[in-house]
Structure formats: C-alpha cells, structure tokens
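My notes follow the order in which I checked things.

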Amino acid sequence: MTMRVLIGGGSGFVGRELTRQLRQKGHEVTVISRQPGPGKITWGELESSGLPPCDGAVNLAGENLMNPLRWWNESYKKDLFSSRIDTTKSLAQAITASPSPPRSWVLVSGVACYKPSLTAQYTEDSEWTPFDLLSKLVKEWEASALLPENVSKTTKQVVIRPGAVLGRDGGAMKQMLLPFWFGLGGTLGSGRQPFPWIHVSDLAGIIAHALEPPADTDAPSPSPQVFNGVAPALNTNYEFTKELGRVMRRPTIFPVPGFVMNGLMGSERAIVLTQGQKVIPKRTQEAGFQYEYPDLNSALKEIVGS
C-alpha cells in the first residue's frame with residue numbers, strides 16, 4: 001500500500017535517508033522545509049493552509065546540537081529548544097485541526113532523557129525525570145508532540161529516541177573523521193562511558209516501520225509508543241574509538257581530556273560525548289525490526305568504505 005508521508009526537517013541528514021528509503025518502497029514524500037521547492041512545503045504554508053493530505057507525519061526538524069560553527073551560549077540554547085518545540089507544536093496542531101488526520105505521527109527525540117551512568121541500563125520502560133538542560137529539552141519536546149485524546153483515537157503516536165547517528169553524510173561522524181584521517185583520533189574523556197549509537201539507515205528503517213498504519217485490531221493509545229533508536233550492541237567510547245581506528249587503519253593514541261571537550265563545546269553539550277548511557281532497544285527488537293548494522297564493525301565499514 002502506498003503511503004503519503006510528510007516529513008518535517010526532511011532535508012537534513014536523517015531526513016534525506018528516510019526520504020530515500022520511503023521513495024524506494026514506492027511511497028510519496030513531502031518535506032516541510034524553510035525553503036520552498038518541488039516536493040516541499042514551508043512551515044509558513046503548514047500554518048496558513050493546514051496539513052496536506054497524508055497517511056503519516058514525522059518531525060526531524062531541529063538545530064544541530066553538534067554544530068561546530070556555533071558557540072555554546074544562551075542564543076544557541078534558545079534555538080535548540082525553539083527549533084524543536086515550535087516545529088513539533090506546529091505539526092501536532094496541524095494534525096489536530098485536520099479533517100482527515102494521518103494514521104501515524106512520529107517524533108524523533110533523543111536518549112539525553114536517560115541519566116548518564118556506567119552501570120544503569122535503560123529500556124523504553126525506564127522511568128526518568130529531567131536532570132540537566134538536554135533532558136529538560138527532551139521532556140518539553142516530547143510533551144509538545146502529544147495529541148488531544150479525541151485525535152489519538154485514530155492517529156497512532158510514536159516517539160523514537162536515537163543515540164549518536166552514524167553515517168557517511170553527516171551526524172556525529174562528520175566532525176570525527178577528519179582527526180582520525182590525520183592519526184589524531186582518540187578516546188573522549190575517560191573512554192569508559194557508554195556510547196549509544198545507530199547507523200542512519202537503521203534509524204530511517206525504524207522510523208519507516210513506525211510510520212506504518214496501526215492494524216485495525218490495535219486499540220489506539222492516548223500515550224505514545226516509545227522506541228529506543230539505538231543499535232543492540234552496547235559499546236563504550238573506547239571500543240568505538242578503537243574500532244574506527246582499526247577500520248580506517250589509523251592510530252588512536254591522542255585521548256581528548258574531558259576539560260578540553262568542556263572548553264571547546266561547553267560542558268552542557270560536551271556531556272553527550274564525555275558521558276553516556278547504556279540504552280537497550282527492547283521494544284524496537286520486540287516489534288520485529290531487523291537491523292542492517294547491529295554492530296560497530298559492520299556500521300563503520302559501510303561509512304568509511306573499506
């Protein structure tokens with residue numbers, strides 16, 4: 001069955017891969033973007049003209065957390081919040097106001113809601129409360145996607161929480177590859193911290209899986225289904241660093257101390273790289289999703305191309 005899918009932020013790194021996969025399966029994709037163009041509508045048009053006819057909607061929009069060109073200051077933090085929350089609210093409001101809302105509504109947030117720990121393991125059922133800036137962002141972001149009860153009876157709500165998204169054309173790898181090529185790659189902080197990750201193709205696959213309309217037998221739920229968008233392999237930053245060095249045939253002897261990361265990126269942002277969480281994709285696997293890149297070796301070989 002052909003689906004019509006609307007993607008907020010569809011021209012970004014994950015959005016491009018999701019669009020490619022959906023079109024490959026014969027689905028129609030419309031991207032909501034800041035710039036008009038073929039196969040696109042703008043955020044302004046969404047607000048003025050309402051939701052175009054669609055079977056599924058997904059939001060991937062948001063200012064890049066790891067943007068190396070932006071200093072970690074109040075205006076950047078404000079952009080991180082508003083670019084995610086305002087676009088999510090716009091889509092949720094357009095879905096609510098639509099005479100024929102989509103069957104599925106998917107928000108892609110992040111694993112920053114889970115408190116960094118060397119020992120705790122988190123599944124989708126783990127309880128959590130905000131403890132820092134980024135977990136507060138996830139809380140507000142996910143809350144802004146909630147649909148009123150009358151709409152949630154017909155529209156399946158899904159939240160996907162990805163780890164670091166690895167791929168050739170963007171995401172976490174883009175800034176990492178250059179120092180590694182020059183043999184300057186190394187562990188970040190202690191290296192013992194967990195490193196939850198996912199290959200961009202698998203994240204797009206999980207989103208596509210979640211966009212499929214609910215079976216008629218499924219009782220709709222007023223609260224969203226949550227899926228951890230991470231690979232099933234539990235790795236540390238040290239293991240990631242060594243595997244990347246091995247695949248690229250480069251030494252990894254230059255560790256970057258935590259205080260250097262804090263100075264370069266701001267401590268509230270550096271925490272994503274210097275600390276981490278053991279995140280388990282329990283429901284993702286129970287839902288029958290098959291990973292193409294379940295381990296670091298297969299994922300990094302595809303990205304680095306050896």
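**Entry 1: the chain as a whole**

I note at the start that this is a predicted model. I looked up the secondary structure and found 12 helices and 11 strands in the chain. I then checked the radius of gyration, which is 19 Å. The globule rule also gives 19 Å for 306 residues, so the chain is as compact as a globular protein of that length. Along the principal axes, the C-alpha atoms fill a box of roughly 60 × 40 × 40 Å.

I asked what share of the 306 residues is buried. The figure is 52%. I also looked at contacts with a sequence separation of 6 or more, and 79% of them join residues 24 or more positions apart.

**Entry 2: H3 and H4**

The crossing of H3 past H4 is right-handed.

Next I listed the residues that meet. From H3 they are Lys 77, Leu 80, Phe 81, Arg 84, Ile 85, Thr 88, Lys 89 and Ala 92. From H4 they are Leu 133, Lys 136, Leu 137, Glu 140, Trp 141 and Ser 144. Sorted by class, this contact has seven nonpolar, two polar and five charged residues.

**Entry 3: Ser 135**

I stayed in helix H4, where Ser 135 is placed. Is Ser 135 buried or exposed? Its relative accessibility is 0%, so I record Ser 135 as buried. I then left aside neighbours within four places in sequence and looked for what Ser 135 touches. The contacts of Ser 135 are Ala 112, Cys 113, Trp 128 and Pro 130.

**Entry 4: H6 and H8**

I moved on to helix H6, residues 171-181, and helix H8, residues 237-248. Their axes are 11 Å apart and the packing angle is about 60°. H6 and H8 are therefore oblique to each other. H6 passes H8 with a right-handed crossing.

On the H6 side, the contact uses Met 173, Met 176, Leu 177, Phe 180 and Trp 181. On the H8 side, I found Phe 240, Thr 241, Leu 244, Gly 245 and Met 248. The class count for H6 with H8 is eight nonpolar, two polar and no charged residues.

**Entry 5: H8 and H12**

I kept H8 and looked up its contact with helix H12, residues 296-304. The two axes come within 10 Å and cross at roughly 45°. That makes H8 oblique to H12. The crossing of H8 past H12 is right-handed.

H8 contributes Glu 239, Phe 240, Glu 243, Leu 244, Arg 246, Val 247 and Met 248. H12 contributes Leu 296, Asn 297, Leu 300, Lys 301 and Val 304. By class I read seven nonpolar, one polar and four charged residues in the contact of H8 with H12.

Arg 246 counts as exposed, because its relative accessibility is 54% and the cut-off for exposed is over 50%. I also looked up the C-alpha separation between Arg 246 and Asn 297, which is 9.3 Å. The two residues are 51 residues apart along the chain.

Arg 249 lies in the loop between H8 and helix H9. Its relative accessible area is 68%, so Arg 249 is exposed. I noted the phi of Arg 249 as near 55°, a positive value in a residue other than glycine.

**Entry 6: His 199**

Last, I looked for His 199 and found it in strand E9, residues 197-199. With a relative accessible area of 1%, His 199 is buried. Which residues does His 199 touch, not counting those up to four places away in sequence? I listed Leu 166, Tyr 293, Ala 299, Glu 302 and Ile 303.

Key
Residues numbered from 1 in each chain as written. Predicted model: local features only at pLDDT ≥ 70, side-chain atom pairs only at ≥ 80, totals over all residues. Heavy atoms only, no water. Left-handed = near helix turned anticlockwise from the far one by under 90°. Helix = DSSP H or I, 4+ residues; strand = E, 2+ residues; numbered from the N terminus. Contact = heavy atoms within 4.5 Å. Nonpolar A, V, L, I, M, F, W, Y, C, P; charged D, E, K, R; others polar. Rg over C-alpha atoms; globule rule 2.2 N^0.38 Å. Buried < 20%, exposed > 50% of the residue type's maximum accessible area, 1.4 Å probe, protein only. Axes fitted to C-alpha atoms, helices over the stretch in contact; angles between N-to-C directions. Parallel < 35°, antiparallel > 145°, perpendicular 65-115°, else oblique.
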